[in-house]
Number of protein chains: 2
Amino acid sequence: MEQRAFQDYYPDQLSYCYGCGRLNEHGLQVKSYWDGDETVCIFEPKTYHTAIPGYVYGGLIASLIDCHSTGTAAAAAYRAEGRAMDTEPALRFLTASLHVDYLRPTPIEGLIEVRGTIKEIKGRKVVVTTTLSAGGQVCARGEVVAVQMPDNLLEVPPP
Amino acid sequence: MEQRAFQDYYPDQLSYCYGCGRLNEHGLQVKSYWDGDETVCIFEPKTYHTAIPGYVYGGLIASLIDCHSTGTAAAAAYRAEGRAMDTEPALRFLTASLHVDYLRPTPIEGLIEVRGTIKEIKGRKVVVTTTLSAGGQVCARGEVVAVQMPDNLLEVPPP
């Protein structure tokens, strides 16, 4: 995947997110990409991202789904307008709601894949559904309602 | 609050959870307590737990709601049986589903309070609803469906 990640287009002051900010050195640094009409994120959990030993912490799963989905929402909104992600005006999204169904324990060995599908784009709202897989099995499903960030939050100063 | 936290009753091999395990030195170490018929968790976010600057990361909010709710589910199941949390057989809970509605940005300065209410106990399932407050305002609401952990997962070896 040679393309630039969605999150690498975010302006500096919005790049400190613990989940996906490229400037948050303590964070997860989630990276999301187009794969046809779907989006994909590959993540390697740390050994301490455990729930019960051998399995991934559910809060990490929620975090991956959250950031991958808001990134997907932004990319989908640009694509719907026929614009590249580095063009103005900036389109960034917040999470209005997050739902995760945990289908089975997620093994912590190896890579996690989160795949996103755009379910709906309507006005300032984008709904993204996701599957999270590990070890060749779908372990969780997610749905995020993302809303476009108001201008006053787009202009916050960096920390 | 002089009482022992729910999570401090978990056996060692189940105390490595990134969210609430007392033996996970990289983790959040969530602590939950009874407050009458409700449960409460107080958490101080780190400066790097940011979403956009000044506000708390949504994945952290989901994590706090998740661990506080599964802890609440365990405590509620013991209370329903009239047993103390250090008696056998052990009752531990996994998250079957997690839902979070983000009502407003959560300020990162100061403390976060998560309050849990037991909505339903039925067989091996407990449903917990939560409010998450900061700066005197409710910033998010959560609902977790927790299910009792199968015996084979209770007996995993420590990492």
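**Entry 1**

I began at Pro89(A), which sits in the loop between α1 and β3 (93-102) of chain A; helices (H or I, at least four residues) and strands (E, at least two) are DSSP runs, numbered from the N terminus. The peptide bond from Glu88(A) to Pro89(A) turned out to be cis, with omega near 0°. I then looked up chain B, where a cis peptide bond joins Glu88(B) and Pro89(B), with omega about -5°. Pro89(B) is found in the loop between α1 and β3 (93-102) of chain B.

A note to myself: this is a predicted model, in which local features need pLDDT of at least 70, side-chain atom pairs count only at pLDDT 80 or more, and totals for chains, interfaces and linings use all residues. Residues are numbered from 1 along each chain as its sequence is written, chains are lettered from A and ligands numbered from 1 in the order in which they are written, and side-chain values use heavy atoms, leaving out hydrogens and water.

**Entry 1: a backbone angle**

I placed Gln29(A) in the segment before β1 of chain A.

How can chain A be laid on chain B? A turn of 180° and a shift of 0.0 Å along the axis do it, with an RMSD of 0.0 Å (least squares on the C-alpha atoms of residues with pLDDT of at least 70 in both). That is the relation of a two-fold axis. In chain A, the C-alpha of His99(A) is the one nearest the axis, 2.2 Å from it. Both copies use the same surface, as 100% of the contact residues of chain A recur in chain B (contact means heavy atoms within 4.5 Å).

**Entry 2: helix against helix**

I followed helix α1 (residues 58-80) of chain A to helix α1 (residues 58-80) of chain B: their axes come within 8 Å and cross at roughly 150°. Axes are lines fitted to C-alpha atoms, for helices over the stretch in contact, and angles run from 0 to 180 degrees between N-to-C directions. α1(A) and α1(B) are therefore roughly antiparallel (angles over 145 degrees). Residues making the contact include Gly58(A), Ala62(A) and Asp66(A) of α1(A) and Gly58(B), Ala62(B) and Asp66(B) of α1(B).

**Entry 3: aromatic rings**

I found six aromatic pairs over all chains (rings of Phe, Tyr and Trp, its six-membered ring, with centres within 6.5 Å). The rings of Tyr18(A) and Tyr48(B) have centres 6.0 Å apart and planes at 25°, so this pair is stacked (planes under 30 degrees apart).

Note on methods:
Angles under 35 degrees count as roughly parallel, over 145 as roughly antiparallel, 65 to 115 as roughly perpendicular and the rest as oblique. Rings of Phe, Tyr and Trp (its six-membered ring) pair if their centres lie within 6.5 Å; planes under 30 degrees apart count as stacked, over 60 as edge-to-face and the rest as tilted.
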